[in-house]
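Here's a quick tour for anyone meeting this structure for the first time. Take a look at the sequence and the fold, then read on.

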Amino acid sequence: GLDFTLILLENGQVYGCGSNENGELGLGEVSSVSTPTSNRLSDIVEVSTGLSYGIYLQSKGNEGGRAFGSGSNLFSQLCEDTGGDPALEPMELAVDVNVMKIFAGRQSSYYLYDNGRVDACGRNDVGQLGDGTFEDSDNPVGVNIPKNIPIRDLGSGPSSQSVFFIAGEDTVYAAGQNYRYQLGVDTGSPEFPMRESPVLVEFEGTPWGRNDIIKISSSGTHTVAVSCAIITESPTQYPTSIPTASPSAHPTASPTDDPTQTPTEIPTKLPTSSPTEYPTQIPTEIPTQLPTSSPSLSPTMNPTISPTSTPTYTPTEMPTQFPTFSPSVPPTSFPTSYPTQFPTESPTLDPTLSPTLSPSSSPTESPTFLTAIPTESPSLPPTLSPTLSPTLTPTLSPTFVTAFPTESPSLSPT
């Protein structure tokens with residue numbers, strides 16, 4: 001309180017020290033003391049101090065108890081008319097039994113019962129009793145809580161002329177002085193800022209929940225509340241900083257200026273620029289555009305027929321021996337789809353086909369070899385005689401394809 005201190009011990013005894021000019025220590029005299037001294041009360045479970053007085057809650061077991069008070073009673077804050085005389089020793093207050101909580105304001109006192117009802121007495125010049133009037137009271141008067149909502153806790157302070165009534169989780173009502181907005185509400189009237197009846201205080205909540213008000217304490221000009229957040233839905237925001245402390249009591253890595261993360265696995269494959277997979281689909285269509293160049297023959301072939309000879313024989317039967325090479329005619333565009341079934345017949349070549357490449361010409365494109373033999377080889381006329389010169393030697397290295405049609409493209413007679 002004002003220049004004095006009350007101390008509640010675990011065994012239910014109360015000690016006081018400091019100023020005692022109004023008997024606020026409850027020692028039976030008005031001399032100040034420098035050493036904590038017992039006021040001979042017992043079974044005390046709660047103590048609260050006003051400006052120059054103290055009140056005490058006595059309770060046995062889990063039941064509500066009785067209230068006592070000592071010190072100044074100038075405004076009947078001890079709920080009894082003593083003509084303004086102080087109480088030098090603790091006296092029992094004229095409040096109902098089953099008091100669960102007590103709280104002292106500057107010159108007003110408040111009592112919360114086990115049914116959630118609240119009484120108050122003392123000074124009421126700014127409506128701090130919350131009874132709807134501005135009249136002082138030497139008897140306990142009921143606080144006008146809206147809709148008679150049960151109250152579970154109280155809040156005020158030794159120099160405060162404001163009082164707070166904590167109802168539900170985030171429901172708080174306030175009354176009394178508000179000229180510095182210490183009630184947490186804007187009355188909209190600077191000339192008349194006080195509130196004689198409790199009004200709802202709206203606390204700012206979290207983005208994903210609401211506040212559970214635990215305790216409120218006020219002074220003559222400001223108020224502080226303690227709350228914990230009640231999570232009503234999952235947070236949507238991610239943390240904006242990285243924890244600097246290890247979550248484990250036994251860190252597994254030492255701090256360093258270098259990067260602290262170490263690979264936990266060893267790669268099982270070497271990096272490569274070569275493809276790791278090959279086409280698995282079979283061509284479903286045959287190129288429809290004719291080749292623009294003559295088929296190139298295998299560089300291992302050694303023609304023995306003169307370039308001047310012209311084939312005149314027309315075969316009447318299919319050849320029984322397959323050639324050892326497969327002509328590859330590069331199409332001007334690549335197929336976009338491929339056959340899904342293998343051919344049942346071999347393509348036939350026109351017996352009048354006569355390559356006309358000059359022996360002196362050099363191949364401008366590399367011959368393309370197949371890496372797998374078709375299921376049926378194309379038939380060549382028995383008398384087909386390439387006109388390439390025996391001296392023709394391919395100078396370009398063959399390139400191989402990794403996928404090919406199951407049917408060889410048919411050559412045009414031209």
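## A serine in a loop

Let's start with Ser72, which sits in the loop between strand E6 (66-71) and E7. Keep in mind that this is a predicted model. Is Ser72 buried or exposed? Its relative accessibility is 14%, and buried means under 20%, so Ser72 counts as buried.

Who does Ser72 touch, leaving aside its neighbours within four places in sequence? Its contacts are Asn22, Ser52, Tyr53, Gln77, Leu78 and Pro86.

## The strands on either side

E6 and E7 run antiparallel and are joined by three bridges. Gly71 stands opposite Ala87 in E7.

Both strands belong to an open sheet of four, ordered E4-E5-E6-E7, with antiparallel pairing. At the edges are strand E4 (44-49) and E7, each of which pairs on one side only. From one strand to the next, the twist averages 15°. In general, strands of a sheet pair through backbone hydrogen bonds.

## The nonpolar cores

The largest nonpolar core has 16 residues, and those touching the most other members are Ile55, Leu78, Leu93, Val95, Val99, Ile102 and Tyr111. Two or more residues come from each of strand E5 (53-58), strand E7 (87-92), strand E8 (99-104) and strand E9 (108-113).

Take Leu93 as an example: leaving aside its neighbours within four places in sequence, Leu93 is in contact with Ile55, Ala67, Phe68, Gly69, Leu78 and Tyr111. Another core lies apart from this one, with 15 residues, among them Leu112, Leu129, Ala167 and Tyr173.

Conventions:
Residues numbered from 1 in each chain as written. Predicted model: local features only at pLDDT ≥ 70, side-chain atom pairs only at ≥ 80, totals over all residues. Heavy atoms only, no water. Core = buried A, V, L, I, M, F, W, Y, C linked by side-chain atoms within 4.5 Å. Buried < 20%, exposed > 50% of the residue type's maximum accessible area, 1.4 Å probe, protein only. Contact = heavy atoms within 4.5 Å. Pairing = 2+ DSSP bridges. Axes fitted to C-alpha atoms, helices over the stretch in contact; angles between N-to-C directions.
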